[in-house]
Amino acid sequence: MFRNQYDTDVTTWSPAGRLFQVEYAMEAVKQGSAAIGLRSKTHVVLGCVNKANSELSSHQKKIFKVDDHIGVAIAGLTADGRVLSRYMRNECINYNFTYESPLPVGRLVVQLADKAQVCTQRSWKRPYGVGLLVAGLDESGAHLYYNCPSGNYFEYQAFAIGSRSQAAKTYLERRFENFTDSSRDDLVKDAITAIRETLQGETLKSSICTIAVVGIGEPFHILDQGTVQQIIDTFEIAAEQEGPAAEPDAAEQSAAAADQGGSTDEGVAPMDI
Amino acid sequence: MPKQQANWSPYDNNGGSCVAIAGADYCVIAADTRMSTGYNILTRDYSKICKLADKCVMASSGFQADVKALQKHLAARHLIYQHQHNKQMSCPAMAQLLSNTLYYKRFFPYYSFNVLGGLDNEGKGCVFTYDAVGSYEKVGYSSQGSGSTLIMPFLDNQLKSPSPLLLPVQDAVTPLAEAEAVDLVKTVFASASERDIYTGDKLEIVVINADGIRREYMDLRKD
């Protein structure tokens, strides 16, 4: 994307029918560190990569508990994510207060999407610069949604957002057909493996990733570092054996993905994805 | 034309009594389960006790609709606190929150007479007693509700330190053992049920200690 005369404010259309400010907001999501989500019939797992500014600082919180049955992982402007999490928590508390039952995830993501849309149609506002992976349970089972700054939302079996998320998406695309009937533990292992894909070579440690689970009979909670490290240890040994063979494949796939990304920029608007 | 008086009241009194006693490492909170209106009984099986946090329990008598609204309000505020601070509210913190919540409606009060009981941050028992608009005090024991006029003097007789002027200075916390305190509560309610028509049916006792929260029931007179 290049600067042009139609991108100054969000209330200006381009001749091609695009809102550049909204598209730039979606770019902000791509710059954030990776977050992934995957679901089975009964559980949803969220994972994210913890990036700290420097050795001295702590990493930013990217996974938030919204209610016992809903959690969210963010990528992009974490401050915007924090504010939206607070909004989601409030909505859940208010709904529960009035109806004495948990807010269905499907309703919450619509409210979130409508809130994001408002910012794409006011000259004095800017779009939220954060993408949200919303994991939740309702009467019909486990759900995973992605809310983007444009005000669109989609339901996914598995998804990844943020920088180097294409590697995770490729891994998830290969394996997603198995997820519906996966056990909770297998789902967590898949999530950690997907995160490892985004690290591309960097050693996977529990200190650089955060995993959270929600499921039927299991309220949303973030797994503690010890548990995550144990899981990493169990399959790092197995993975080491296939490691040298897998790396050349991953390099070819990410090169192909980069080519595709370049050609779509000038043509189809990203929001159509 | 002389000034008109209201012929409808937004309040009702559902009766009942509540008691709380603080110990060195425990707290006992109890209330009867009778809910009445006027001279009629609405139900013999209504709990006036609500767990607000891990170590904090509230018992309230008065207008149960207002009590329910108050409990829901505090539960919502507690959830917000947990999201922001990543931990449960302590009993003294909840005590202040309850006071502020009650005073917020100073000019259309919650018709709710509360006792809050639990463990403070050091694990010692604490009891807070309130009026309808939020005036509160940390005490060693308290009672509220229709039977409180019968119960309080008896508790004073059994638990009150001889005089605040006496040395050594006595803590607000009573030196009773947990089992003795539970027994005292049972005695107290049995006596109150004899003479207070709004107290009876069943007694619900909640005990908080380091092991967690425990619930017990005892039958009372049903007349």
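Helices (H or I, at least four residues) and strands (E, at least two) are DSSP runs, numbered from the N terminus. I keep that in mind for every entry below.

**Ground rules.** I am working with a predicted model, where local features need pLDDT of at least 70, side-chain atom pairs count only at pLDDT 80 or more, and totals for chains, interfaces and linings use all residues. Residues are numbered from 1 along each chain as its sequence is written, chains are lettered from A and ligands numbered from 1 in the order in which they are written, and side-chain values use heavy atoms, with hydrogens and water left out.

**Entry 1: B:L102.** I looked up B:L102 and found it in helix α2 (residues 91-104) of chain B. Is B:L102 buried or exposed? It is buried, because its relative accessible area is 0%; buried means under 20% relative accessible area, exposed over 50%, and partly exposed in between (1.4 Å probe, protein chains only). Next I listed its contacts, meaning heavy atoms within 4.5 Å. Not counting residues up to four places away in sequence, B:L102 touches B:L70, B:Y110, B:N114, B:Y130, B:D131, B:A132, B:V133 and B:G134. B:L70 is 32 residues away along the chain, and the two C-alpha atoms are 8.4 Å apart.

**Entry 2: a helix pair in chain B.** I moved on to helix α3 (residues 148-159) and helix α4 (residues 178-195) of chain B. They pack at an angle of about 145°, with axes 9 Å apart. Axes are lines fitted to C-alpha atoms, for helices over the stretch in contact, and angles run from 0 to 180 degrees between N-to-C directions. From α3(B), the contact uses B:L150, B:I151, B:F154, B:L155, B:Q158 and B:L159; from α4(B), it uses B:L184, B:V188, B:A192 and B:R195. I sorted these into 8 nonpolar, 1 polar and 1 charged. Ala, Val, Leu, Ile, Met, Phe, Trp, Tyr, Cys and Pro count as nonpolar, Asp, Glu, Lys and Arg as charged, and the others, Gly among them, as polar.

**Entry 3: a helix pair in chain A.** Here I took helix α4 (residues 165-175) and helix α5 (residues 184-199) of chain A. Their angle is about 140°, and their axes lie 7 Å apart. On the α4(A) side, the contact is made by A:S165, A:A167, A:A168, A:Y171, A:L172 and A:R175. On the α5(A) side, I noted A:D190, A:T193, A:A194, A:E197 and A:T198. The classes are 5 nonpolar, 3 polar and 3 charged.

Entry 4: A:G162 sits in the loop between β8 (158-161) and α4 of chain A. A:G162 counts as buried because its relative accessibility is 10%. Leaving aside neighbours within four places in sequence, A:G162 is in contact with A:V29, A:K30, A:G32, A:S33, A:A34 and A:A75. A:R164 is in the loop between β8 and α4 too. A:R164 is partly exposed, at 39% relative accessible area.

**Entry 5: phi angles.** Most residues other than glycine have a negative phi. A:E100 is not a glycine either, and has a positive phi of about 50°. I found A:E100 in the loop between α2 (78-99) and α3 of chain A. A:E100 counts as exposed, at 52% relative accessibility.
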